Amino acid sequence: TNWSTPPEEAALVRRVDALARGVAEGEIGFDPCCNPFAETIIRPRVSCMLERGENGLARNWRGHGMTWCNPPYGVGEVDLFTAKAAQEFGGGEDRAPLGDDQALLVVPANCETRWYHRDLAGQADATCLREGRIAFLDPTTGAPSKESTVRNLFAYFGDHPDSFFHVYRAEGDVRLTRIGARRLRARGLDKLIVRLACTTSA
């Protein structure tokens, strides 16, 4: 089942976008893993759906503003999407500014995996280990999943990890990566780096 994102999770993504861009209402510009039911919730400007024969991995994720990605969680699937995010939005400490382009992914909290260390810990700007488990929605019935055994991790790529922190600090354990710390330091936000360091590790 291609489980769909609940409305409350989509709202958090829009809040990050709004804070990052300094606007009243944020939006989701691109969803590479959408389905017809999820599209009514996410409301992306551009989406890719297998139901339409589209491959989100073959598309350019940049140029849409906020990209939201809730990928398939199967073995050999999720790492394709984390690698794509790192390729499009990563680049390490030498990455050029992304402007309004940013990405937020929700993936299994498998922090022992190669893809986590390669694509997220090594390329993202911040992460959030979600407290509890997300009740994703069945795309056919709209019913929430009842017995999820998977913990979830959010990964943020973009120039505004402070916006991610302000929204997701109430949702779980937010951690700023070394790359994210450099972004904030370049914007003169050293106090926020210290604040994060008091409760998390960079």
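Me: Which residue just after H3 takes a positive phi?
Reply: Gly-91 does, with a phi of about 115°. Keep in mind that this is a predicted model.

Me: How do you know that the span of H3 agrees with its number of residues?
Reply: H3 has 12 residues, and at 1.5 Å a residue they should span 16 Å. The C-alpha atoms at its ends are 17 Å apart, so the two values agree.

Me: Which residues of H3 are buried, and what covers them?
Reply: The buried ones are Val-78, Phe-81, Thr-82, Lys-84, Ala-85, Ala-86, Glu-88 and Phe-89. Their cover includes E1, strand E3 (66–69), E4, H4 and E6.

Me: Why is Arg-45 called partly exposed?
Reply: Its relative accessibility is 47%. Buried would need under 20% and exposed over 50%, so Arg-45 counts as partly exposed.

Me: What makes Arg-45 and Glu-27 a salt bridge?
Reply: Their closest N and O atoms are 2.5 Å apart. The cut-off is 4 Å, so the pair counts as a salt bridge. Arg-45 sits in the loop between helix H2 (36–42) and strand E2 (46–49), while Glu-27 sits in the loop between helix H1 (7–21) and strand E1 (30–34). The two are 18 residues apart, and the pair links distant parts of the chain. Glu-27 has a relative accessible area of 34%, so Glu-27 is partly exposed.

Me: Why are E1 and E2 called paired strands?
Reply: Pairing takes at least two bridges, and 3 join E1 to E2, so the strands pair. They run parallel. Phe-30 has Val-46 in E2 as its bridge partner. Together with H2, the strands E1 and E2 make a right-handed β-α-β unit.

Me: Why is Asp-159 called buried?
Reply: The limit for buried is under 20%. Asp-159 has 11% relative accessibility, so Asp-159 counts as buried.

Me: How do you know that Asp-159 and Arg-95 form a salt bridge?
Reply: The N to O distance is 3.2 Å, and the definition asks for a distance within 4 Å, so the pair qualifies. Asp-159 lies in the loop between strand E6 (152–157) and helix H5 (161–168), and Arg-95 in the loop between helix H3 (78–89) and strand E4 (102–108), 64 residues apart. Arg-95 is also buried, with a relative accessible area of 11%.

Me: What makes Asp-125 and Arg-183 a salt bridge, and are they buried or exposed?
Reply: Their closest N and O atoms are 3.1 Å apart. That is within 4 Å, so the pair is a salt bridge. Asp-125 is in the loop between helix H4 (114–121) and strand E5 (126–130), and Arg-183 is in helix H6 (residues 178–186). Asp-125, at 0% relative accessibility, counts as buried. Arg-183, at 11%, is buried. Salt bridges that share partners join Arg-95, Asp-125, Asp-159 and Arg-183 into one network.

Me: What makes H5 a mostly covered helix?
Reply: Of its 8 residues, 7 are buried. They are Pro-161, Asp-162, Ser-163, Phe-164, Phe-165, Val-167 and Tyr-168.

Me: Which residues touch the most other members of the largest nonpolar core?
Reply: Val-13, Val-16, Trp-68, Leu-104, Phe-154, Phe-164 and Tyr-168 do, in a core of 28 residues. Apart from that core lies another, of 20 residues, including Phe-30 and Trp-61.

Key: Residues numbered from 1 in each chain as written. Predicted model: local features only at pLDDT ≥ 70, side-chain atom pairs only at ≥ 80, totals over all residues. Heavy atoms only, no water. Core = buried A, V, L, I, M, F, W, Y, C linked by side-chain atoms within 4.5 Å. Buried < 20%, exposed > 50% of the residue type's maximum accessible area, 1.4 Å probe, protein only. Salt bridge = Lys/Arg side-chain N within 4 Å of Asp/Glu carboxyl O. Helix = DSSP H or I, 4+ residues; strand = E, 2+ residues; numbered from the N terminus. Right-handed = clockwise from strand over helix to strand, strands pointing away. Expected span 1.5 Å × (residues − 1). Contact = heavy atoms within 4.5 Å.
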